[in-house]
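I am opening a notebook on this structure. The entries below follow the order in which I looked things up.

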Amino acid sequence: MRFRPCIDIHNGKIKQIVGGSLLDQGDFATENFVSEKDGTFYGKLYKENHLNGGHIIMLNARDSKYYEEDKVQALKALKAFEGGLQIGGGITDENAKEFIESGASHVIVTSFVFAGGKVHYDRLDALKDQVGREHLVLDLSCRKRDDKYYITTDRWQKFTEEELTIELLHKLESWCDEYLIHGVDVEGKAQGIDQELVQLLARYNGNKVTYAGGVKNFDDLELLKNYGNDKIDVTIGSALDLFGGDMEFSKVLEYCDATITNLN
């Protein structure tokens, strides 16, 4: 279980928000923390700690007046840690290569692929043609409805018709290198992980999976390690001291390093 750091950008600021609160109207989100640091600071910090595979998410819509401000911060982070960070938010087949050429190791895509609530395999093909499978992460962040998990799009505001299943994960893996999955119902609340979702993901054997959502303390990391069978990577946002929380960054690194050492 590796620790995957994050840089969430909204309205041109690096911040932590309550995931389910995002609204395109008025560029609104309920904020947990707004950083005074810029993308360069976080990119350098993650590079110094050898934290490859973290993700940058630009949370404004591409037609938002803030999207270009988000992009400025994202490019700063990519420049500071070239080849070490993934980036998502408004990614299509038209701009994916631009971000790879700007230093991203992978682009992260949801809404472009799941437009209209269904998987567009032609769009997956177009992305694969542009950047290659090895540079593509599919964000299958989901919310629960009728006791099932459905993939959500447009900054987690819209349910798709695609249920997150082991079968779907296997079906999509030939187009991508990894999956990033936020438990949106618990994202940004630091009230505990979505244990049922983690147990579902633990049944999958294929591409690397990173889970995000709800981690509040080291007990949650232990739960994630156990329920996830030591194979799901983790992102921590609002609970991390870098973003105003109580979990010490250095101790999180020590915990995950110890987990990897024990596995080896």
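I took helices (H or I, at least four residues) and strands (E, at least two) as DSSP runs, numbered from the N terminus. The model is predicted, so I noted its limits: local features need pLDDT of at least 70, side-chain atom pairs count only at pLDDT 80 or more, and totals for chains, interfaces and linings use all residues. Residues are numbered from 1 along each chain as its sequence is written, and side-chain values use heavy atoms, with hydrogens and water left out.

**Helix α4**

I listed Leu124, Leu127 and Val131 as the buried residues of α4. Buried means under 20% relative accessible area, exposed over 50%, and partly exposed in between (1.4 Å probe, protein chains only). Viewed down the axis of α4, these buried residues fall within an arc of 65°, so they line one face of the helix; the arc is that of the directions from the helix axis to the C-beta atoms. Asp122 and Asp129 are exposed on the other side of α4. Glycine 132 follows α4 and has a positive phi, near 90°.

**The sheet of 10 strands**

I then traced an open sheet of 10 strands with mixed pairing, in the order β3-β2-β1-β4-β5-β6-β7-β11-β12-β13. Two strands pair if DSSP finds at least two bridges between them. β3 (31-34) and β13 (232-235) are at the edges with a single partner strand each, so one side of each has no neighbour in the sheet. From one strand to the next the twist averages 30°. Axes are lines fitted to C-alpha atoms, for helices over the stretch in contact, and angles run from 0 to 180 degrees between N-to-C directions.

I looked at one pairing inside this sheet: β5 (residues 85-88) and β6 (residues 106-109) run parallel and are joined by three bridges. Isoleucine 87 has valine 107 in β6 as its bridge partner. Helix α1 (residues 39-48) lies across β1, β2, β3 and β5, at about 170° to β1.

**Aromatic pairs**

Rings of Phe, Tyr and Trp (its six-membered ring) pair if their centres lie within 6.5 Å; planes under 30 degrees apart count as stacked, over 60 as edge-to-face and the rest as tilted. I found eight aromatic pairs by this rule. Tyrosine 42 and phenylalanine 243 are stacked, 5.5 Å centre to centre with 20° between the planes. These two residues are 201 residues apart, tyrosine 42 in helix α1 and phenylalanine 243 in the loop between β13 and α8. Both tyrosine 42 and phenylalanine 243 are buried.

Tyrosine 121 and tryptophan 175 form a tilted pair, at 5.2 Å and 45°. Why do I list tryptophan 175 as buried? Its relative accessibility is 15%, whereas tyrosine 121 is partly exposed at 27%.

**The sheet of three strands**

I ended with the open antiparallel sheet β8-β9-β10. Its edge strands are β8 (142-145) and β10 (158-163). β8 and β9 (residues 148-153) pair over four bridges, and arginine 143 stands opposite tyrosine 150 in β9.

Terms used:
Contact = heavy atoms within 4.5 Å.
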